[in-house]
Amino acid sequence: MEVILEFAKEYYLVFTIISVILVLALIGYLVEKNVSKDVKIKGKKENAVNVSTEEQVDSI
């Protein structure tokens with residue numbers, strides 16, 4: 001156990017940098033996941049608007 005603690009003391013900066021990179025990657029993944037959902041919802045709304053506009057043109 002002492003060997004592990006000594007290793008962690010010696011390379012604490014490396015552990016900190018790796019932890020920060022992993023946290024930023026997680027945040028980026030979550031943001032990308034939420035943005036892709038918004039795009040799909042907007043795409044469905046645009047199709048619905050186009051269909052209703054075409055129906056109005058056909059009825060005239």
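This is a predicted model: local features need pLDDT of at least 70, side-chain atom pairs count only at pLDDT 80 or more; totals for chains, interfaces and linings use all residues.
Local features were considered at pLDDT of at least 70 and side-chain atom pairs only at pLDDT 80 or more, whereas totals for chains, interfaces and linings use all residues. Residues are numbered from 1 along each chain as its sequence is written, and side-chain values use heavy atoms, with hydrogens and water left out.

The secondary structure of the chain consists of two helices and zero strands. Helices (H or I, at least four residues) and strands (E, at least two) are DSSP runs, numbered from the N terminus. Helix α1 covers residues 2-10, and helix α2 covers residues 12-59. Of the 60 residues of the chain, 0% count as buried; buried means under 20% relative accessible area, exposed over 50%, and partly exposed in between, with a 1.4 Å probe and protein chains only. The chain exposes about 6000 Å², of which carbon and sulfur atoms supply 68%. Accessible areas were computed by the Shrake-Rupley method with a 1.4 Å probe; for residues, only the protein chains shown count as cover.

A nonpolar surface patch of about 590 Å² is formed by Phe7, Tyr11, Val14, Phe15, Ile18 and Leu22. Patches are made of residues with over 30% relative accessible area and no salt bridge; like charges are joined within 9 Å, and nonpolar side chains (Val, Leu, Ile, Met, Phe, Trp, Tyr) within 5 Å. Helix α2 provides the largest share of this patch, four residues. Isoleucine 18 lies in helix α2 and, at 44% relative accessibility, is partly exposed.

Two aromatic pairs were found. Rings of Phe, Tyr and Trp (its six-membered ring) pair if their centres lie within 6.5 Å; planes under 30 degrees apart count as stacked, over 60 as edge-to-face and the rest as tilted. The ring centres of phenylalanine 7 and tyrosine 11 are 4.9 Å apart and the planes stand at 50°, so this pair is tilted. Phenylalanine 7 also forms an edge-to-face pair with phenylalanine 15, at 6.1 Å centre to centre and 75° between the planes. Relative accessible area is 47% for phenylalanine 7, 37% for tyrosine 11 and 42% for phenylalanine 15.

Side chains of opposite charge can pair when their charged atoms come close. The structure holds one salt bridge, defined as a side-chain nitrogen of Lys or Arg within 4 Å of a carboxyl oxygen of Asp or Glu. Lysine 9 forms this bridge with glutamate 6, and the closest N and O atoms are 4.0 Å apart. Because lysine 9 and glutamate 6 are three residues apart in helix α1, about one helical turn separates them. Lysine 9 is exposed, at 58% relative accessibility, whereas glutamate 6 is partly exposed, at 48%.
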